[in-house]
Every structure is written in C-alpha cells, then in structure tokens.
Amino acid sequence: MNVFITGVSSGIGNGLARAYLQRGYRVFGCSRRSPDELLAQKDFRFAQLDVTDEAEVPLTLTRLLADVDSLDLVILNAGILGPFGDLATIPLEQCRRVMEVNVWSNKTVLDALFSSHQTVRQVVTVSSGAAVNGNRGWAGYAISKAALNMLTRLYAEERPETHFCALAPGIVDTAMQDILCAVPEVDRYPSLATLRAKRSTAEMPDPDGAAVSLVAAIERLPRIVTSGDYADVRRLSE
C-alpha cells in the first residue's frame, strides 16, 4: 500500500511516516528539510520540496511518484504556527504567509496529484481544534485551519471517488509546543495554561505516540465520517 505525506522531516508527519513504514507501507514523503533517519528505510522515498513553490510542486511530485499508479492515502500535514497573539498586533503579511503554507499549498499539492491521473483513495488534511475553538491568540493559525476545513469539504464535493477528512490530531508534543509554552501573559491567553498543564502527560504524547492513535483513526475514517467533514481524533466513535 502506498502513502504520501507532506512535512515528514519532523513532528506529526515524521511520526506518521515512521508508523506506516513499521506497518509495511511504501511511504513517499516531502519536506523542506531532509528526514535523515528515514532515508535508510527501504520502503521510504523522499523529495526535498517547499510545498508553497507552485511551479516546483507538480514537477517534484511527478518525479517522486513516477512508478506509482495509485495512492491509498494522502496526508497533507505540512504547516506552520505563525505569530501567536492578538490579530490587531500581527502584520497582514505574516497572516498571508500562514495561509499560503497551511491552506493554498494543499490546493497546489492536490491539484498536482489529481492532474497526474493518480488514483487517490483517501485524503486526510491535518487540521486543528484551533479551527473551531476560537480561542484568543491563535490568530492566523486558527483562521488558516478553519479555511483548510472548508477546502477539504470542497474537494470532497469535487472528487466523490476519494474520501476526504480534515482531522485534528489532538495535542502533540512537537516544536510548536516549545513556542506556545514560552509565550508570556498566560492570563490573557487561557488556552496556553491548558497546554502547559498537559505537557509531559499522557494527554500530550510525542509524535510517535500520537501516530499510533492517528493511524488507527485514519483507517476508520471512511467508515465513520462523511467525506469532507472535520473530525477530532479525541472525539471519534464507531
């Protein structure tokens, strides 16, 4: 079985790549930085790519997937946090950058995959609880993930042969948490107090630990979630 994952150099994407390789999948990955520890895996193929480079994406994916007729799963994971704080304090250009990475790069990747006549059975876009919670401080990141949810729904309408889901992975202990937990003014941004309390507990697993539950959830999504819907891995039920 073939899996394609963006953002495999670290964090959730790296954990998912490792998990699928352990299960015997062929994993095709891309990211701006090289995931050196994965390159030795015989079933892993990698291409260095900035997914916001609209001209380069289709060329690179064509090379990476040259001998692949179908993809069982596409996980669009690459993303950035951007500035945390009140919207009024964040320059518009920085908000645009977050949207470019977290939303429009996924359009570029999907268009490249489908225009190459790939058969894609399932697409998971990595969303966030920030897309629906509206907590103060999440700014461009929350807006971008809400937009990603709608992008996922629209592609589901356009591609009924493929199952789509915007999946929030829960709270995972990645480099993003280093940034968030260092933000001052906790009283102003109460959601940060929650993150700090959960760090180093079972409620905030590392990427490898999170990947275990994510892989199980992703396998179930076509059975339990209407294509195009948003779901949170912490609230899924049969």
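Two strands are taken to pair if DSSP finds at least two bridges between them. In this predicted model, strands β5 (residues 73–76) and β7 (residues 122–126) are joined over three bridges, in the parallel sense. Within this pairing, Leu76 stands opposite Thr125 of β7.

The β5–β7 pair belongs to an open sheet of seven strands. The strand order is β3-β2-β1-β5-β7-β8-β9, and the pairing is parallel. The edges are formed by β3 (44–48) and β9 (230–232). Each edge strand has a single partner, so one side of each is left without a neighbour in the sheet. On average, neighbouring strands are turned by 20° against each other, direction ignored.

Helix α3 (residues 92–115) lies across β1 (2–6), β5, β7 and β8 (163–168). The direction of α3 is at about 160° to β5. Helix α8 (residues 207–224) lies across β5, β7 and β8. The angle between α8 and β8 is about 145°.

Empty space was examined next. Rolling a probe the size of a water molecule over the atoms shows where such space is left. The structure holds one cavity of 30 Å³ or more. The largest cavity contains about 50 Å³ of space. Its lining consists of Ile12, Leu16, Ile75, Val124, Val126, Leu167, Pro169, Leu214 and Ile218. At least two of the lining residues come from each of α1 (11–22), β7 and α8. By class, the lining of the largest cavity has nine nonpolar residues, no polar and no charged.

The second largest pocket holds about 240 Å³ of space. The pocket lining divides into seven nonpolar, one polar and four charged residues.

A pair of aromatic rings is described by the distance of the centres and the angle of the planes. The count comes to seven aromatic pairs. One of them, between Phe84 and Trp138, is edge-to-face. The ring centres of Phe84 and Trp138 lie 5.4 Å apart, with 80° between the planes. Phe84 lies in the loop between β5 and α3, and Trp138 in the loop between α4 (130–133) and α5 (139–158). The pair therefore ties together parts that are 54 residues apart in sequence.

Notes:
Residues numbered from 1 in each chain as written. Predicted model: local features only at pLDDT ≥ 70, side-chain atom pairs only at ≥ 80, totals over all residues. Heavy atoms only, no water. Helix = DSSP H or I, 4+ residues; strand = E, 2+ residues; numbered from the N terminus. Axes fitted to C-alpha atoms, helices over the stretch in contact; angles between N-to-C directions. Contact = heavy atoms within 4.5 Å. 1 Å grid on protein atoms, 1.4 Å probe; cavity = no way out; pocket = protein on both sides within 12 Å on 5 of 7 lines; lining within 4 Å. Points joined across faces, edges and corners; volume = space filled by probe spheres on them. Nonpolar A, V, L, I, M, F, W, Y, C, P; charged D, E, K, R; others polar. Phe/Tyr/Trp six-rings, centres within 6.5 Å; stacked < 30°, edge-to-face > 60°.
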